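Colleague: Could you walk me through this model?

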Amino acid sequence: MNPKHHVFVCMNQRPEGHPRGSCGGSGAASVYESMMGEMEKRDLFGKIQVTGTFCMGPCDQGPTMVVYPEGVWYKGVKPEDVQEIFEQHLENDKPVERLRLSM
Ligand code: FES
């Protein structure tokens with residue numbers, strides 16, 4: 001298997017009230033679910049890989065994800081953004097600028 005893109009979605013969950021917050025606490029599970037829904041709908045298994053991860057760093061800007069091989073980071077992703085990420089970036093190689101996180 002040699003996917004065109006590998007997307008890591010932070011799923012880390014910290015307890016409520018934790019000073020660093022967490023992507024899990026900001027709705028990462030719904031984002032991941034939407035990602036998997038799009039994968040199925042677009043029949044992309046084997047072409048794109050989606051992996052849930054633990055903390056990747058910028059917790060206060062979650063839910064975060066990073067797309068490789070480009071290394072493009074996204075912040076504050078909502079389930080309703082997922083379709084756009086697939087259409088523009090994962091299928092047509094144009095990152096969604098309004099969601100980009102600069103590292
Ligand atoms: S909890 Fe998601 S980046 Fe830290």
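Colleague: What does the secondary structure of the protein chain come to?

Modeller: The protein chain has two helices and four strands, where helices (H or I, at least four residues) and strands (E, at least two) are DSSP runs numbered from the N terminus. Along the sequence the pattern is β-α-β-β-β-α. This is a predicted model, in which local features need pLDDT of at least 70, side-chain atom pairs count only at pLDDT 80 or more, and totals for chains, interfaces and linings use all residues. Residues are numbered from 1 along each chain as its sequence is written.

Colleague: And how many of the residues count as buried?

Modeller: Of the 103 residues in the protein chain, 30% are buried, meaning that 20 or more other C-beta atoms lie within 10 Å of the residue's own, whereas exposed means 12 or fewer and partly exposed is in between, with C-beta atoms placed from the backbone.

Colleague: Which residues of H1 are buried?

Modeller: Helix H1 covers residues 28-41, and its buried residues are Ala-28, Val-31, Tyr-32, Ser-34, Met-35 and Met-39. Seen down the axis of H1, they fall within an arc of 160°, so they line one face of the helix; the arc is that of the directions from the helix axis to the C-beta atoms.

Colleague: What do they pack against?

Modeller: The buried residues of H1 pack against strand E1 (5-10), strand E2 (48-53) and helix H2 (82-90).

Colleague: Which exposed residues does the face turned away carry?

Modeller: That face of H1 carries Glu-33, Glu-40 and Lys-41, which are exposed. Just after H1, Asp-43 takes a positive phi of about 55°.

Definitions and conventions: Expected span 1.5 Å × (residues − 1). Contact = placed C-beta atoms within 7 Å.
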